[in-house]
Each structure stands twice: as C-alpha cells, then as structure tokens.
Amino acid sequence: MSYAPHDFGGPISPDEVDLSVDLCGVALPNPVMTASGCAAAGRELDQFFDVAELGAIVTKSIMLNPRSGRATPRMAETPSGMLNSIGLQGPGIDAFLARDLPWLVQRGARAVVSIAGDKPADYVELARRVGQAPGVAAIEVNISCPNVENRGLVFACDAESSYRVIEECRPHIPDDIPVFAKLTPDVTDIATIAGAVADAGADGVTVINTLLGLTMDPDTLRPRLGGVTGGLSGPAVRPVAVRAVWQIRKALPDLPILGVGGIRTGFDALEFVLAGADAVQVGTVIFNDPGAPMRVVRELRDELAVRGIRSLDTVRNAAHG
Amino acid sequence: MSYAPHDFGGPISPDEVDLSVDLCGVALPNPVMTASGCAAAGRELDQFFDVAELGAIVTKSIMLNPRSGRATPRMAETPSGMLNSIGLQGPGIDAFLARDLPWLVQRGARAVVSIAGDKPADYVELARRVGQAPGVAAIEVNISCPNVENRGLVFACDAESSYRVIEECRPHIPDDIPVFAKLTPDVTDIATIAGAVADAGADGVTVINTLLGLTMDPDTLRPRLGGVTGGLSGPAVRPVAVRAVWQIRKALPDLPILGVGGIRTGFDALEFVLAGADAVQVGTVIFNDPGAPMRVVRELRDELAVRGIRSLDTVRNAAHG
Amino acid sequence: MSATQSAGTVVSRTPVGDYHHLVIAAEGIAEHARPGHFVALAIGGVDSGMLLRRAFSIYRTSTTGRHGETVEIVFAAHGKGTRWMADLAPGDPIDVVGPVGRPFALPKEPVSCVLVGGGYGSAPMFSLATALRDRGCPAHLVLGAATTPRLFGLSDANKVGSSVHVTTEDGSTGTRGRVTDVLGDLVDTTDAAVVYACGPMGMLRAVADVAEDNGAWSQCAVEESMACGIGVCMTCVLPVEGEDGIVRMVRSCVDGPVFRGDRVRWDAVGTIPPGTLGGPR
Amino acid sequence: MSATQSAGTVVSRTPVGDYHHLVIAAEGIAEHARPGHFVALAIGGVDSGMLLRRAFSIYRTSTTGRHGETVEIVFAAHGKGTRWMADLAPGDPIDVVGPVGRPFALPKEPVSCVLVGGGYGSAPMFSLATALRDRGCPAHLVLGAATTPRLFGLSDANKVGSSVHVTTEDGSTGTRGRVTDVLGDLVDTTDAAVVYACGPMGMLRAVADVAEDNGAWSQCAVEESMACGIGVCMTCVLPVEGEDGIVRMVRSCVDGPVFRGDRVRWDAVGTIPPGTLGGPR
Ligand SMILES: Cc1cc2nc3c(=O)[nH]c(=O)nc-3n(C[C@H](O)[C@H](O)[C@H](O)COP(=O)(O)OP(=O)(O)OC[C@H]3O[C@@H](n4cnc5c(N)ncnc54)[C@H](O)[C@@H]3O)c2cc1C
Ligand SMILES: Cc1cc2nc3c(=O)[nH]c(=O)nc-3n(C[C@H](O)[C@H](O)[C@H](O)COP(=O)(O)OP(=O)(O)OC[C@H]3O[C@@H](n4cnc5c(N)ncnc54)[C@H](O)[C@@H]3O)c2cc1C
Ligand SMILES: Cc1cc2nc3c(=O)[nH]c(=O)nc-3n(C[C@H](O)[C@H](O)[C@H](O)COP(=O)(O)O)c2cc1C
Ligand SMILES: Cc1cc2nc3c(=O)[nH]c(=O)nc-3n(C[C@H](O)[C@H](O)[C@H](O)COP(=O)(O)O)c2cc1C
Ligand code: FES
Ligand code: FES
C-alpha cells in the first residue's frame with residue numbers, strides 16, 4: 001500500500017496553531033495530559049511547569065482505602081522503558097479528596113481523577129465519591145486491575161467484567177463529567193473491549209496501560225521486582241500503543257480516545273492523533289524529563305506549524321484516510 | 001515477596017561450564033539459536049561465525065510457493081526495537097529444499113526449519129515435505145500468521161485454530177523430529193494457547209513472535225510501513241517475552257520452551273533460562289551485531305562460570321523456585 | 001524548597017581513587033542546595049535506551065567560580081548509566097534536576113556532632129561539617145570504606161573536621177574494620193548529640209543502632225532505587241514510623257533521603273512490615 | 001567476497017561542506033573493498049535505543065597509512081543515527097561491517113565511461129574513476145547537487161577525472177540544473193559505453209533513462225532503507241527484472257547496491273508490481 005502525502009500548505013507560525021480540544025464537552029487548552037501514576041497529584045510537577053497550562057493532570061489511580069503497595073524493588077530499567085510494580089500505593093479516597101484534589105482545583109488545573117478497585121463495588125463507591133467532589137474535569141476508570149472476585153483476572157482482560165464495572169459506575173457520575181475506561185493492551189482484541197465499555201456508558205477510552213513484563217535479578221537469579229511481574233512502559237511500547245489506538249479508531253469511528261504509551265516528543269504525540277487519539281498522555285518520560293509534558297505541547301505545536309496544520313481536527317485520524 | 005539468593009558456590013573457569021542441551025532428543029552444543037527471519041538460511045552469517053558451532057540455525061519461515069512479501073518500506077527503527085512488515089518473502093518450499101537446506105546440512109549446522117501457511121492445508125503439505133527432507137533437526141511451525149480461511153485471524157490468537165494446525169501437521173512429521181509451535185504474544189492468555197498446541201502434539205513452543213505495532217511517517221502522516229502494521233521486536237520487548245516464557249513454564253512444568261525476544265547479551269539469555277526456557281533464539285540483535293549469536297554463547301558461558309554454575313539444568317526454571 | 005531542571009554542562013570529570021569527581025555548570029541549583037540534598041541526572045542522551053535518572057548526593061556547590069554556578073558530585077561507575085557517566089568530558093551536556101530531597105536537619109544548639117561517610121557516602125559530609133561548625137557545633141568525621149581507593153575526601157576531612165577518623169576493612173588506611181568499630185567510643189568521648197550518616201543501607205542501620213545505644217540522635221541519608229527522583233512515581237519507598245507510631249511506606253526521594261535513624265524500620269526494608277498503613281491484611 | 005565485522009576506531013571526522021568526512025581505522029575491510037562496496041556502522045553504543053546499522057558507500061580505503069588499515073566515508077547528518085555520528089571524535093570506538101554488497105562492474109574493454117555522483121553519492125566515484133583509468137577506460141565525472149555545500153569531492157574529481165562537469169540546482173557552481181541536463185551530451189561526445197551513478201533514487205532513474213536513450217549501459221548504486229545490511233532481513237528489497245524477464249523483489253544490500261539501470265523497475269519502487277514472482281494474485 002502506498003499513500004499520497006497529505007497537503008496542508010506551507011509552514012505557518014506556531015502562534016497560528018490552535019491546540020485546544022473539546023473533550024466530551026470539557027475544554028482543554030491543549031491535548032496533552034500526564035498519565036496516571038506518573039505525576040502523583042500534580043503538585044511535584046508544578047515545580048517544573050505550570051500544571052494549569054497543561055491539557056489536564058490525570059491523578060494516580062486512587063482506591064477506597066489507604067494502600068501500601070508492593071514490596072521493593074518496585075522498578076527495573078529496561079531497554080527504552082521500565083517495569084514497575086508499585087501496586088497502587090496511595091492514601092485512599094478520603095485523604096485524596098481532602099488534600100490532593102482541592103490543591104489541583106484551586107491551582108486552576110483540569111483534574112482527571114483516576115479510580116481503581118479490587119471489585120466492582122469499589123468502583124461504584126469511588127465513582128459516587130469522586131462524582132460529587134467539586135472541580136473534577138473527568139474520571140478515568142482504571143480497569144487494568146485484578147478483580148479479586150474473579151480469580152484475580154484483570155477486569156480489562158475480559159469484555160464482560162469491563163462492561164460490568166463501567167455499567168455500574170456510570171449512573172453515579174454526573175452526565176457532564178466524562179468517563180474514560182483505561183484499557184490494558186494485554187488482550188487478543190482490544191477493540192472488542194473498547195466496544196464493551198462504550199456500550200456500558202463510557203464516554204471514551206484511555207489506551208494503553210502497561211504491558212505485563214518480567215525481568216530477573218542478576219544477583220538472586222529470581223524475579224527482580226517485589227511484585228514478581230510488573231508493567232512495561234516507556235518509548236519501548238509506543239508502537240503497540242499507537243496500534244491499539246488505531247485499531248480502536250477503526251472499529252469505533254466516533255469513540256473519544258486518550259492515547260498513552262511511550263510519548264517522548266511532539267511528533268510522538270502527533271502519531272497518536274494521526275491514529276485517532278483526541279488527546280494524549282505523557283507518563284514514563286516524565287521520569288526522564290520532568291518538564292516533558294509542556295515540552296511535548298510546544299513540540300506538537302511546532303510539528304503542526306511546520307506542516308501548515310492549524311488545528312488538531314485537521315489531522316486527527318489522518319492515518320486512516 | 002523476597003527471595004534468598006541461590007548459592008552455587010564460587011566462580012569456576014568458563015571451560016568447566018557445560019552448555020549442551022538435549023532438546024527432545026536432539027543434541028545441541030549450546031542453547032543459542034538464530035530466530036526465524038533474522039538469519040535467512042544461515043549462509044550470510046557464516047561470514048561472521050561458524051554456523052555449525054551455534055546451537056541451531058532456525059531458517060526464515062518458508063511457505064509453499066514463492067512469495068514477494070509486502071511493499072517497502074518494510075521496517076522502521078523504534079526505541080530499542082524495530083517494526084517489520086516483510087510479509088514472509090521467500091522462495092517457496094521447492095527452492096528452499098533444493099538450495100538452502102542442503103547448504104546448512106552439508107555445513108554441519110543443526111537446521112531448524114520454520115514453516116508458515118495461509119491455511120491449515122498449507123502447513124500439512126509443508127510438514128510432509130520438510131519431514132521427509134534429510135538433515136532436519138527440528139521443525140518450527142510459525143502459527144503467528146493470518147488464517148485466510150478465518151477472516152485473516154492469526155492462527156495463534158485462537159486456541160482452536162492453533163490446535164488444528166498442529167494436530168494436522170504432526171502425523172506427517174517423523175517422531176524423532178521435534179515440532180515447536182511458535183506463538184504470538186498478542187493474546188490475553190498465552191499459556192492456554194501453549195496448552196492447546198501441546199495437546200495437539202507439539203513437542204514444545206517457541207515464544208515469542210513479534211508484537212503488533214504501528215508507527216507513522218513524518219512526511220506522509222500515514223502509516224510508515226507498506227504493510228500498515230508491523231511486528232515489534234528487539235530488546236524493547238524482552239520483558240514481555242520473559243514473562244510469556246515464565247507464564248507458560250508455570251502452567252506447563254514439562255513443556256520444552258524456546259525463548260526469544262530481544263536477547264542481546266548472555267545475561268539476557270540467562271533470564272530466559274531462569275524463566276524456564278530450554279533454549280533461546282537471537283533475532284533482531286543480529287542486525288545490530290551479526291556476531292551476536294556466538295557472542296551470546298560466550299557471554300552466557302561467562303555468566304554461568306562467574307556464578308559457579310556448571311550446567312544449564314542447574315538454573316533452568318530457577319526463577320520459579 | 002523547590003527543585004529546578006537545568007541544562008547543565010560538564011566542567012570536569014576527574015578520577016579520584018575508585019570514583020569520579022564530576023563538576024557540572026548548571027543554573028538555579030547551587031544557591032538552594034543544603035547538605036544532604038541530591039541531584040538527579042539524565043543519562044545517555046536523547047536516543048539512549050536508558051530512561052531513568054540517576055541520583056547523586058551533592059558534594060559541594062559554588063555560585064562564584066569562573067564557570068558560574070556549579071554542582072559537584074562523586075560517583076562510582078558500576079552500572080550502565082554510571083559507566084556512561086565515566087566517559088563524560090568537559091563541554092558535554094548533562095541535564096540536572098536539583099536540589100532534591102530533605103537535607104540533614106541541623107541542631108538548634110551548638111552541640112557536638114559525629115559525621116559518618118561510607119565510601120562515596122562521605123561526599124555530602126564536608127559541606128555538612130562546615131555548616132555545623134558555622135553554627136558552633138564541633139563536627140567529628142568518620143570515613144570508612146572497604147579499601148583505600150574507596151575512601152573519598154580525606155583531605156577535605158582534614159580541612160573541615162573537628163577531628164578525623166578513618167577505617168578500612170583491609171586496614172590499608174586508618175583503623176582496620178568498619179566505621180561502627182570506632183563510632184561508639186567517638187560518640188561517647190565527644191559527647192555527641194547527633195550522628196549524621198550516609199552510606200550503604202547496612203552501614204546506616206548499624207550506625208543508627210550505635211547512635212541510639214549511645215544516647216544520640218541519628219540522621220541517615222538512605223539510598224533506595226529511584227525511577228523519578230522527584231516524588232511522582234512511588235518506586236523509592238521504605239518503611240518509616242511516623243510520630244503517630246504508624247509505619248508508612250514513605251518516598252525516600254522527597255520525604256528523605258535523610259531520615260531519623262530511629263524512625264526507619266531497617267529490619268523491614270524490602271518488605272511491607274505487618275501493620276504498615278494500607279498493608280496487606 | 002566476504003564481509004568482516006571489525007571493532008573500529010575513529011581516526012578523524014572533518015566537516016566538508018554540508019557533510020562529514022569520517023576516517024575509521026578498522027582491520028580486514030580495506031583490502032577487500034572495491035568501488036561501490038559499502039560499510040554498515042553500528043550507532044550509539046551498547047545502551048543506545050538505536051539498534052540498526054547505517055549504510056555508507058566507501059569513499060576510499062588505505063592499507064598503508066600510519067593508522068594501519070582505514071576506511072573512509074562521507075555522510076550527511078540528517079536522522080538520529082547520523083546526528084550521533086556527527087559528534088564522533090578521534091579515538092571513539094565504532095563497529096564496522098564491510099565491505100558489503102556487489103561493487104560496480106568494470107568493463108572488460110577500454111571503453112569510455114561517465115560517472116555521475118549526486119550529493120554525497122559522488123563519494124564512491126573517485127576510486128571507481130581510478131580503477132577505470134587503470135584499465136584504460138577514460139572516466140568522465142559529473143558531480144551534481146542542489147547547492148555548492150552539497151557537492152562533494154571537486155578536488156578529487158579534478159585529480160582523477162578524464163573530464164569534470166558540475167551542476168548545481170541553484171547555479172552557485174558549474175551549470176545551473178541537474179546532472180541529467182549535461183549527461184546526454186556528455187555520453188554522446190565521449191561515446192561512453194557505460195554510465196555509473198550513485199545518488200538519490202530520482203536521479204538514478206533519470207540517469208538510467210538518459211543512458212539507455214543514448215545507447216549506454218548504466219550501473220546504478222541504489223539507496224534503500226536497510227535494517228541489517230548483510231542480506232538476512234529482507235527489508236531492503238526493490239523490484240528488479242532478471243535475465244529471464246521475471247521481476248523479483250531483490251535485496252539491495254547483497255544483490256546490490258549496484259544494479260544495471262535497465263533492470264530496475266524504477267517506476268515500481270515502493271510497490272510489488274503486477275507479475276512479480278510470488279506477488280499477490
Ligand atoms: C539519594 C541518593 C544519593 C546517591 N548518591 C550517590 C553518590 O553520591 N555517588 C554514587 O556513586 N552513587 C550515589 N547514589 C547511587 C546512584 O544513584 C546509583 O549508583 C546509580 O543510580 C546506579 O546507576 P547505574 O546506571 O550505575 O546502575 P543501573 O543498574 O543501570 O541503574 C538502573 C536504574 O536503577 C536505579 N538505581 C540503581 N541502583 C540505585 C541506587 N543504589 N540508588 C538509587 N537508584 C539506583 C538507577 O537510578 C536507574 O534508574 C545515590 C543514590 C541515591 C538514592
Ligand atoms: C548502500 C547505501 C549507501 C549509502 N551511502 C551513504 C553515504 O555515502 N553517505 C550518506 O550520508 N548516506 C549514505 N546512505 C544513506 C544512509 O545509510 C542513511 O542516510 C542513514 O542510514 C540514515 O540514518 P539516520 O540515522 O540519519 O536516519 P534514521 O531515520 O534515524 O534511520 C533509521 C533507520 O532507517 C535506515 N535508513 C534511513 N534512511 C536510509 C537510507 N536512505 N538508506 C538506507 N537506510 C536508511 C537507517 O539505516 C536506520 O536503520 C547510504 C545508504 C545505502 C543503502
Ligand atoms: C510508575 C508507574 C505507575 C503507574 N501507575 C498507574 C496507575 O496508578 N493507574 C493507571 O491507570 N496507570 C498507571 N500507570 C500506567 C501509565 O499511566 C501509562 O498508561 C503507561 O505507563 C504507558 O504510558 P507511558 O509509556 O507514557 O508511561 C503507571 C505507570 C508507571 C510507569
Ligand atoms: C525482520 C524480521 C523478520 C522475521 N521473520 C519471521 C519469520 O519469518 N518467522 C517467524 O516465525 N518469526 C519471524 N520474526 C520474528 C522473530 O523470529 C522473533 O520471534 C522476534 O523478532 C522476537 O525476537 P527478537 O526480539 O530477538 O527479534 C521476524 C522478525 C524480524 C525482526
Ligand atoms: S523516585 Fe519517584 S517517588 Fe521517589
Ligand atoms: S538490509 Fe537486510 S536483507 Fe538487505
């Protein structure tokens with residue numbers, strides 16, 4: 001197959017590029033967010049850039065109760081990526097709503113709150129609590145977690161479990177707060193899972209969460225991470241993430257998609273948009289470069305300007321054309 | 001979870017390490033092979049090392065008829081990896097048996113012949129032809145190919161299709177030629193697929209084939225590869241490959257496994273052995289370093305020697321202990 | 001306190017014993033750095049397969065040299081990233097985040113202090129000694145290492161220490177043995193109120209015990225494996241008991257790296273000890 | 001012919017116009033190199049995220065210099081790997097595989113030849129000219145580029161060419177225009193039997209056409225994207241018609257990079273033309 005290049009005319013000034021996005025009714029100044037678990041609740045990154053300037057801050061997945069997470073070591077560097085087994089350490093929803101969310105809201109940032117549970121009832125309770133909290137821009141339902149009621153099978157590995165979580169959550173969240181289901185790439189057919197959560201009432205999907213990986217310790221000759229397996233992330237997985245976005249866009253032409261996985265540069269972000277993403281998230285690369293999210297915004301603007309592209313709508317899905 | 005380190009005693013001389021492997025009755029001097037599609041039929045690599053010294057040469061998957069493969073570009077470099085969409089270009093089984101296999105056999109290398117088809121009947125015919133050819137050490141059945149009779153669904157994405165291909169092939173291959181089914185990691189549960197092919201008569205499995213990925217072209221803003229999507233390989237995917245081996249070993253304690261995916265160093269090879277691999281294959285890294293397969297043999301020997309490990313049997317599966 | 005990300009430039013890299021002494025020109029870091037702070041360095045360049053930053057204690061800083069603001073560290077080349085750093089040459093770019101973490105807490109009163117550095121762990125001790133003496137606290141230094149090439153900063157020690165004590169495990173310099181072999185006596189004879197320590201985990205644990213046995217506080221700078229170094233990833237945790245008696249898994253990058261020795265559950269590092277807040281039930 | 005993998009060392013890297021001239025000391029390659037051969041260089045070091053080798057025509061080689069056996073190339077820094085190469089300094093290690101590919105076929109008779117180099121594509125032309133003249137073939141050189149800084153090797157050309165013709169698209173040196181604007185006449189007036197060419201695909205196609213129109217053979221060194229450079233991966237293919245009239249997807253790294261211009265299906269590069277052996281039916 002061979003394509004003719006798109007023709008958008010000559011280069012324009014970066015100032016002429018409009019990066020704003022309407023995400024299911026939520027206005028974002030630009031399409032770049034942080035990825036859940038890679039930005040805590042935004043406070044630490046505010047040292048490096050103005051978090052209110054970014055498209056949104058997605059907070060670390062919060063659970064009902066405080067959670068200690070897994071034993072260390074919790075990470076291993078891998079080629080162009082890393083494995084983590086944090087185990088969703090966090091303060092629990094009460095502390096989060098009392099302390100973390102208000103800071104973000106008062107700071108003027110758009111707060112996308114990620115929630116995670118061990119069983120469907122947890123998600124429902126979290127949805128209710130977060131849905132009532134003031135200032136929430138959107139909710140991301142991280143269903144890439146083990147379901148303790150189903151032999152520890154990850155919700156998002158199964159269309160039915162995925163459907164059930166979203167279906168039960170959605171009614172507890174106000175209509176004007178969009179709900180995104182976060183999917184795992186570790187499935188045979190990710191478009192089917194996306195279809196299931198859309199049917200269940202999700203306004204969109206976030207793809208991808210980490211891939212399941214394993215690495216050995218040279219000293220113990222046993223799994224290196226306290227959690228044995230861990231989640232693989234970073235530029236190493238980007239081609240898998242872009243493919244997942246592209247497959248979902250192909251199957252579901254109108255479903256909003258937040259693309260995430262290995263974004264390091266403005267062109268990487270553009271790749272996701274071309275594949276069909278409405279907005280993107282920067283995760284692991286923050287660890288390499290804490291200023292990365294705003295750098296990606298600037299670089300994305302430049303990538304569009306140099307090609308004469310005035311808005312994201314012009315190029316979204318362009319790879320499908 | 002925290003483990004006590006294994007204790008194998010002090011360092012020994014590399015000469016004291018026995019790397020030989022008995023793979024389903026086939027004696028290999030060491031556990032390192034080339035990966036299918038990354039070494040053609042061995043001839044070109046013989047410039048860089050003696051192919052007869054390596055554990056085995058796995059040949060590029062051969063099909064019944066000559067095949068032109070996909071349009072170019074066929075590859076894209078990605079962070080610590082690459083995408084390829086070669087599309088199984090090859091001369092077809094007649095030319096392979098007339099020209100390529102005899103060279104390898106005469107050269108004294110152990111030839112593992114990889115076969116691939118568009119439908120089950122292709123595999124049967126290939127199995128018959130290769131099974132009768134003199135000098136074949138083992139057959140690898142690459143079932144990570146689209147099944148034209150089943151909406152182009154990759155055989156190895158479905159336990160039933162996988163079962164069917166192997167069940168139909170196996171009787172046409174002499175018992176003393178072991179048969180390995182090569183699996184794709186793009187499934188929700190790879191251990192189930194491994195179980196299916198084992199039930200169907202496969203002597204073992206090769207894991208993993210490439211992950212499905214996609215990347216965009218900065219000029220055309222469309223998919224970069226002629227084949228649109230491509231297969232992701234290289235060190236980037238190693239943690240996924242080690243995890244797949246580990247999951248299969250856990251589910252099927254006795255199934256021989258050939259581990260492949262991103263091996264660059266002797267320690268990488270050892271990771272796979274610890275996870276449960278009986279032997280390993282080096283693929284993409286050959287493009288970086290054509291001498292890599294024999295370098296990995298030497299480095300693996302050193303990794304074992306420095307830890308006082310005299311044979312692979314001592315450490316195989318050690319990560320499960 | 002706020003960390004800065006700065007596009008730094010290597011001024012010099014000098015081998016010192018088994019280590020490398022690296023001087024980086026980077027703006028916005030030196031003036032905020034306090035003893036015990038660290039920097040997190042990006043490694044390998046933009047196309048490197050190594051994504052994660054490496055953390056190093058700040059050895060010293062300057063705002064007035066001819067290279068402008070500089071930050072100095074001392075490092076051992078042992079893994080991939082530090083081996084890459086061992087090839088750094090003057091003029092090479094290197095991205096620096098710092099100063100990060102909680103520095104050593106300084107006593108309000110002019111009490112006597114003992115400062116213990118194990119290996120490159122002595123790097124932050126010299127600026128600490130100066131700061132202590134500036135506020136009237138005698139600062140007795142103990143440097144220890146396995147071998148002489150792994151001792152760092154003997155000449156600095158002689159300049160800034162109220163007294164200097166050296167141990168090597170092979171006996172090649174100073175007392176044969178470990179820092180804890182001389183520590184108890186020293187705390188006693190100097191009537192030290194605080195022991196500061198930086199070095200391997202095992203040493204810190206032993207130092208914290210000796211301090212406690214001798215009635216001194218300890219302030220230990222720990223070294224846990226870090227992915228981000230800025231508090232956003234939760235990889236660098238260890239179990240620390242709070243004032244409320246509850247053990248929490250606490251980030252060593254921003255809630256540390258300096259902790260009160262009696263608060264760290266040294267015995268349980270690498271596990272989630274029973275009773276930890278949010279731990280498995 | 002057999003390729004060698006050699007642990008090379010950078011002798012020098014010198015900017016030349018828009019390019020870099022790189023001299024590498026590496027054993028086992030120089031003595032087997034023929035004009036048209038290339039080398040494949042590993043990029044970025046062992047922890048780099050860039051795995052694939054980069055291919056470069058051999059500019060010249062020496063077995064007798066003070067650095068021992070050397071291989072020289074000329075490159076443009078445009079992508080990630082070549083930008084990394086643009087920072088190479090004397091003494092840096094660089095792994096070389098070479099010589100690879102099929103070199104230019106030399107005429108058996110002392111016929112007149114025209115050698116066309118586009119941009120850095122002129123690099124292999126000077127050793128080719130020498131080889132041709134050694135066997136009695138006049139070698140007329142045409143160098144072309146968009147701008148003067150992208151012309152490479154004018155002084156070499158003046159040394160080894162039987163005549164030298166230069167074109168630039170901006171007219172800053174020589175004739176304004178493209179190599180093909182002067183090629184037809186030159187083939188005519190020199191009564192050339194063979195046209196040799198190296199440069200961008202578009203130029204090669206045009207050169208092959210002009211040669212054919214003027215009754216000359218052409219030998220074109222193509223530049224297809226390569227992953228392995230040694231014939232094992234099948235990424236670098238293009239459609240080439242065999243003596244049997246059948247079009248095959250042929251590896252440009254080992255079956256090329258030099259092909260007879262009239263054999264390459266230039267119109268169909270980037271596709272599988274209908275009728276290709278094993279093509280979709
Ligand atoms: C607060 C603090 C201060 C430190 N100060 C110094 C110092 O002054 N001098 C010095 O030589 N070293 C110091 N270290 C240790 C230094 O960070 C590690 O040696 C270094 O990160 C290892 O990198 P590598 O590339 O050699 O190893 P690799 O094994 O390639 O590292 C892989 C990954 O693991 C992380 N990692 C591995 N070991 C450690 C470790 N011990 N601590 C933290 N992260 C680790 C790396 O940062 C990297 O992300 C300090 C560590 C911390 C946490
Ligand atoms: C036979 C041959 C001879 C060549 N001779 C020269 C020369 O003398 N001087 C020179 O400057 N360039 C030459 N090239 C082109 C040179 O190989 C590419 O410019 C270079 O590989 C691009 O690498 P990069 O890191 O800049 O780009 P990237 O885009 O980072 O490259 C990514 C990958 O694609 C491959 N690739 C990208 N473009 C090309 C290309 N045009 N040809 C082959 N592979 C490519 C790279 O090798 C690498 O594997 C030659 C190419 C071939 C095939
Ligand atoms: C340390 C770490 C912690 C993470 N924690 C979460 C989490 O709490 N919830 C979640 O949905 N995803 C989590 N992720 C996944 C990321 O949000 C993201 O989906 C994934 O890492 C791929 O993007 P990246 O390559 O840009 O990091 C985490 C990733 C990392 C590296
Ligand atoms: C260029 C290329 C061609 C490949 N061709 C085949 C093939 O024909 N048959 C097959 O089973 N696997 C093929 N593979 C997959 C490899 O054999 C291997 O399973 C995969 O690349 C992971 O290993 P690696 O990371 O070491 O390359 C190919 C891989 C590459 C990169
Ligand atoms: S290293 Fe990331 S939170 Fe401490
Ligand atoms: S580049 Fe691999 S076959 Fe030519």
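The paragraphs below describe the ligand sites of this predicted model and then the arrangement of its chains.

Residues are numbered from 1 along each chain as its sequence is written, while chains are lettered from A and ligands numbered from 1 in the order in which they are written. In this predicted model, local features need pLDDT of at least 70, side-chain atom pairs count only at pLDDT 80 or more, and totals for chains, interfaces and linings use all residues; side-chain values use heavy atoms, with hydrogens and water left out.

The description begins with ligand 3. This ligand is surrounded by 22 residues, where a surrounding residue has a heavy atom within 4 Å of the ligand. The closest are A:Ser36, A:Ser61, A:Lys182, A:Gly262 and A:Thr284. Several polar contacts can be described here, a polar contact being a pair of N or O atoms within 3.5 Å; within protein, one must be able to donate a hydrogen and the other to accept it, and residues adjacent in sequence count only if both atoms are side-chain atoms. A polar backbone atom of A:Ser36 is 2.7 Å from an oxygen atom of ligand 3. The side chain of A:Lys60 places a polar atom 3.2 Å from an oxygen atom of the ligand, and that of A:Ser61 places a polar atom 2.6 Å from a nitrogen atom of ligand 3. On its own, ligand 3 has 600 Å² of accessible area, of which the protein covers 98%; such areas come from the Shrake-Rupley method with a 1.4 Å probe, and for residues only the protein chains shown count as cover. The shell comprises 7 nonpolar, 13 polar and 2 charged residues, with Ala, Val, Leu, Ile, Met, Phe, Trp, Tyr, Cys and Pro counted as nonpolar, Asp, Glu, Lys and Arg as charged, and the others, Gly among them, as polar.

Ligand 4 is considered next. Around ligand 4 there are 22 residues, of which B:Ser36, B:Ser61, B:Lys182, B:Gly262 and B:Thr284 come nearest. An N or O atom in the side chain of B:Lys60 is 3.2 Å from an oxygen atom of ligand 4, and a polar side-chain atom of B:Ser61 is 2.6 Å from a nitrogen atom of the ligand.

Ligand 2 has residues from chains B and D around it, so its site is shared between chains. Its shell holds 24 residues, the closest being D:Ala55, D:Val74, D:Gly81, D:Thr82 and D:Glu223. A polar side-chain atom of D:Arg54 lies 2.8 Å from an oxygen atom of ligand 2, and a polar backbone atom of D:Gly79 is 2.8 Å from an oxygen atom of the ligand. A polar side-chain atom of D:Tyr120 lies 3.4 Å from a nitrogen atom of ligand 2. Taken alone, ligand 2 exposes 810 Å², and the protein buries 89% of that. By class, the shell has 12 nonpolar, 6 polar and 6 charged residues.

The last topic is the relation between two chains.
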